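Colleague: Hi! I have a new model open and would like a friendly walk through it. Can we start now?

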Amino acid sequence: MDSIHPVRKVLSPLFLIGGLALLGASLAMDCMGGGPPPFYQYRGLILIAGILLFFAGLYLFPTLTHHRDIVNVIFLFPLLFTFGVTVIIPLLLGIFYSMTDWTGIRYTQFVGLANYAQMFHEVSFLWSLLITVLFVVFNMVLVNLVGFALALLCTSRLKGVGFFRAAYFLPNLIGGIVLGYVWQFVFNNVLVKVTGASLLTKTPSAFAAIIVVYIWQYAGYIMLIYVNGLVTVPGDVLEAAAIDGANAFTTLLRIKIPMIASTITICTFLTLTSAFKQFDVNMALTNGTGSVMDFMGQYLSNGTQMLALNIYNTAISKNSYALGQAKAVLFFIILACVSLVQVRISNSKEVEL
Amino acid sequence: MKRWLSLLLAAVLTLSLAACGGNAPAGNDASGGAESPADSSGGAPSADSIRLVNGKIEVDAALKKLAAMYKEETGVEVSIESMGGGIDIQGTLKGYYQAGNMPDIFVNGGASDFANWGGLCADMSDQPWVSDTDAAYVNEDGVVGFPYTVEAIGLAYNADILEKAGVDPATLTSPAAYEAAFATIDGMKDELGITAVVGYYTEPVNLYWSTGNHLFGNYEDAGLDREDTTYFDLLSNGGQLDVDRFTDFANFVALLQQYADQSMMISGTYDQQILNFASGKYAFVTQGSWIGATMTTDDADAYAAAGNFKVGMAPYAFQDGIDTILTNSPSWWAVYKDGNVDAAKAFLQWLTTDAAQEVLVMEAGFISPFNSSAYVATDPFAQTIVDYQNAGKTSGWHWLGNKEGLAQNYTGQVFNDYAQGNLDTERFVQVMQQVCATAYAG
């Protein structure tokens, strides 16, 4: 057991070198778009064979001290690789594109930070930032309040609680685009008989309409998390409170809410990030329309356009892919900061508990 | 050691893939033709199939019929992918391009689209059909756009209602004439059985293109010679508007608003607009010749119930003497340079043959841009377009070259605000100047 089998000393470097050679050959053939006919056709198989051979060589690497580390790396590799291909590479490419004049098809020059500078001179973009923050604040409060109230209802001893839980959760299962069009029909053709003009035609009421639809969609989901939290509050604590003469309101305020503090943190951040990323309902319901008569001295035509939609429209509809990409990078930075704060707070809470 | 090793490994593989990824699209495209015959298992398109992205979803059935005919005749499989309505076709095409999934033939809407695809469209100047039409799209890459129809923008009217009301559409060439005509028809609403004089809709989410592109396009072109780009050039130069002309235009829009269907003007949909017109509830509608296809298919029952009335088109005469409607090829089909070029060109050439023209004209309702085509569409608006063309009373349309997203992100909303009464005429003109300047600066 202590000694390394001599065959491994020979096989390992052989496999490593052979694997890398196959890997390199197949990639080179693909990048150049040609090669010796029988091999070019099977470059995919060659690629896989090269990878397998390389890992076999790595596994047989003649070492005792690091063998376990190597095995760990081999097991970790698929995840790292996937993460790199689907997250890291697109992120780096995106940051690069944001500094060029990319049109979505090609770029001709490197423009440095010009896109970032232009973005902050665009009044409509600042407006989008502003109302996104407003939207987040409204939703963080309202979705949690509604979700928590529904959760209280659905954990009480009413009949048919299971049905109501499912019913409140149902809107969350409908895609945002479908939901947006359904509600657009409701606002434009049904509610219009009550409201006179459609709510979607004026910016403030359209903004309120998006909030209502969003709560309708999301409160059921948050409710489920709160239900789970409330169910875990131990029965003996509640019983003790009841014996001490606490009424329902005091029990809620002094027992239940403190006991589910961590759930509240989770739900708050969940609503925060998801409200920040709001896109589909916004797009289907108003597509960002609505006018602002005077914001920083300008008339704006994107009254209800939130950040994600602004990025999309900048890139797709206005055909400024590079500028849209720059906005997306800013969007990423904001969300990354929020997530970091969330992790901080969650961790410190866990320590307290 | 462990961390170091894993980091190094990840970095090496990431970099090698990134390096390869940079070249991959070009490499794949170049090899696309070479690999397809051999690599049949990969699902790559074979040499005898082409894919066409069509931007007019309303003619999807007719195109699929053509594809079936072509397959029967030549064995070449043509798959039709139709997109339409509010879908951003260019955005989808860019996604296809990035994914290496470009169709062989795709639709381009105008100068800015063709500029985007500069160097990527095949030159078709060697094709016989080029000499048969004057509507092909030509740029520095050669003849890159295959025209397939002619459309017209004017104020569509119900000829039966106008006749009953005693209004001669030929006299509608000045704002004063319109004002008188609208007032006459408005006074006879009950006798004529109409709900409003004009079906003018300004809903900004899904119908922005009607106001922001087509109506606004009349400011740019109405009454001018086909090649006259005075106001388009002015707009292209930093988004400037000619205040006098635009104020006249704004006053005319105000007239439309005054006699419009008030309950629908702000938030009605395209479907409602066409259905109401086809049902004979409006004397005029602010849509162009393409609604003929909807009236005779989706709304055929309502149209028949209203007596399949005759229709026509009047100029948007916001100034005295404007007597032209706007006609143009609304979009073109381009051939992707690295796709199945020869098969695609052959298919497009085949589309100009008699059998194919019959389907395109008689079933898809296209007004053929080809001189050799003997067919006149049964579309309700076909005759009126031909009449205007024969009389030489057409203007070009240049709004296709407007700044991308101008209607969707800017002007559509301004028209809606004007209709809502949030802006008076003077402020409407100011705001329009401001948003155009903003759009062209960005």
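Colleague: In what order do the three strands of the open sheet in chain B come?

Modeller: The order is β6-β11-β13 in chain B, and the pairing is mixed. Strands here are DSSP runs of E with at least two residues, helices are runs of H or I with at least four residues, and both are numbered from the N terminus. Two strands pair if DSSP finds at least two bridges between them.

Colleague: Before we go on, what should I know about the model and its numbering?

Modeller: This is a predicted model, in which local features need pLDDT of at least 70, side-chain atom pairs count only at pLDDT 80 or more, and totals for chains, interfaces and linings use all residues. Residues are numbered from 1 along each chain as its sequence is written, while chains are lettered from A and ligands numbered from 1 in the order in which they are written.

Colleague: In which sense do β11 and β13 of chain B pair?

Modeller: Strand β11 (residues 325–328) of chain B and β13(B) pair in the parallel sense, over two bridges. B:I325 stands opposite B:T394 there.

Colleague: What about strand β3 of chain B: which strand pairs with it in the antiparallel sense?

Modeller: That is β12 (residues 332–335) of chain B, over four bridges, with B:N108 opposite B:W332. Strand β1 (residues 49–54) of chain B and β3(B) pair in the parallel sense over two bridges, and B:L52 has B:I105 as its bridge partner.

Colleague: Are the residues of β3 (105–108) in chain B buried or exposed?

Modeller: B:I105 and B:V107 point one way, B:F106 and B:N108 point the other way, and all are buried. A residue is buried if 20 or more other C-beta atoms, placed from the backbone, lie within 10 Å of its own, exposed if 12 or fewer, and partly exposed in between. Buried residues make up 47% of the 442 residues in chain B.

Colleague: How confident is the predictor in chain B?

Modeller: Chain B averages a pLDDT of 85, and 89% of its residues score at least 70. pLDDT is the predictor's confidence in each residue, from 0 to 100. Over residues 17–45 of chain B, though, pLDDT stays under 50. The complex gets an ipTM of 0.80 and a pTM of 0.80.

Colleague: New topic: how is chain A divided?

Modeller: Chain A has domain 1 (6–116) and domain 2 (122–352), with bounds from an automatic or database domain assignment. Their C-alpha centres lie 41 Å apart. The contact takes eleven residues from domain 1 of chain A and eight residues from domain 2 of chain A.

Colleague: And why does A:L330 count as partly exposed?

Modeller: Because A:L330 has 17 C-beta neighbours inside 10 Å. A:L330 is found in helix α16 (residues 321–352) of chain A. A:L330 and A:I95 are 235 residues apart in sequence and 9.9 Å apart in space, C-alpha to C-alpha.

Terms used. Two residues are in contact if their C-beta atoms, placed from the backbone, lie within 7 Å.
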